[in-house]
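Below is a colleague's note on one structure. Please read the points with the model open beside them.

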Amino acid sequence: MTHVYDLHCHSTASDGAFSPEAVVIRAQQQGVTSLALTDHDTVAGLAAANKTADSIGLNFIPGIELSSNWQNHCLHIVGLGIDPTYQPLVEITDHLQTLRYERSEKMAAKLEKKRIFGALEAVQAAAGDGMITRTHFADFLLSQKHVDTHQEAFDRYLGQGKSAFVPTIWPEVEEVVKWITGAGGIAVIAHPLRYKLSAKYIKRLLAEFKLYGGKGIEVITSRISQDEIRLITKYAQEYELAGSVGSDFHNDTNPYVELGLIAQLPANITPVWELLS
Ligand code: AMP
Ligand code: MN
Ligand code: MN
Ligand code: MN
């Protein structure tokens, strides 16, 4: 039997459209045999996803995607194979939930200055018990016809430096890697080319990340080019990082971003699942 890994996706516990149970079932329907659910800054969806995965015979890897700060860039660090009950991790996710709640209040206030009302109520209702994210704000702006596309919501209001952007003090990468490692997990740099770091900076980051105990880098994500795969593979080899693969699936609005619909990991790097016991 061939194994199909997807080690990065989202549920309603953060900014995904499907419940943890539904994500697991959809993953199996898409041919995935090993799935990690990696919601932003929360482990709230893992128990339900794990239970569903067990009941349908899918290999489940508990994960998280933590927001972090490195040199004034917000980097996403995926943790794979974490113990969701590890106390420091529970505490930091509680803190991040508060931080995200307070950020949403400030973002809504900024939107009100632009005469856009009702954002806070809408995003709170949409997020429910889950993490409030900028995706929820983009959904609101789109549904109220303030923008025509999700991308426009980020370009005009939500992106860094735009009118409703609120700078957030995320935990340092070093701490985030320690929490993941402390929870028995493997720390992986998510979508490394999305941060607009120069080659020199990426190399600095990888060297530091290794020093902190980071073990992996996401080589394969949705809609990645062969040139990008080659570049990240080179980094993985140079810094002896294991390669991860993940669709970063959120919802079913884009047919090119789907669970399991991702390229194969190049053969010349260590797959991150070899590090997962
Ligand atoms: P947050 O962690 O609350 O700042 O929200 C970040 C999330 O917003 C990311 O995980 C993406 O799902 C989404 N996002 C960020 N930038 C964009 C963009 N330019 N277009 C669409 N979605 C974006
Ligand atoms: Mn997201
Ligand atoms: Mn991300
Ligand atoms: Mn993600």
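**Notes on the manganese site and the fold**

1. His-191 is buried, at a relative accessible area of 6%. Buried stands for under 20% relative accessible area, exposed for over 50%, and partly exposed for what lies in between (1.4 Å probe, protein chains only). His-191 sits in the loop between β5 and α8. Its phi is positive, about 25°, although His-191 is not a glycine. Most residues other than glycine have a negative phi.

2. This is a predicted model: local features need pLDDT of at least 70, side-chain atom pairs count only at pLDDT 80 or more, and totals for chains, interfaces and linings use all residues. Residues are numbered from 1 along each chain as its sequence is written, chains are lettered from A and ligands numbered from 1 in the order in which they are written, and side-chain values use heavy atoms, with hydrogens and water left out.

3. What coordinates the manganese ion (ligand 3)? The donors come from Glu-65 (OE), His-76 (ND1) and His-191 (NE2), at 2.1 to 2.2 Å. Donors are N, O and S atoms within 2.8 Å of the metal (3.2 Å for Na, K and Ca); water is not among the atoms, so the site may look incomplete. Along the chain the donors of ligand 3 are spaced E-x10-H-x114-H. Glu-65 belongs to strand β3 (residues 59-70) and His-191 to the loop between β5 (186-189) and α8 (199-212), so the pair ties together parts 126 residues apart in sequence. Glu-65 is buried, at 1% relative accessible area.

4. The manganese ion (ligand 2) lies 5.7 Å from the manganese ion (ligand 3).

5. Arg-115 is in the loop between α3 (87-113) and α4 (119-127). Arg-115 counts as exposed, at 64% relative accessibility.

6. Now the overall fold. The protein chain has nine helices and seven strands. These are DSSP runs numbered from the N terminus: helices are H or I, at least four residues, and strands are E, at least two. The radius of gyration is 18 Å, close to the 19 Å of the globule rule for 277 residues, so the chain is as compact as a globular protein of that length. The radius is taken over C-alpha atoms, and the rule is 2.2 Å times the number of residues to the power 0.38.

7. Of the 277 residues, 52% count as buried. The C-alpha trace spans about 55 × 45 × 40 Å along its principal axes.
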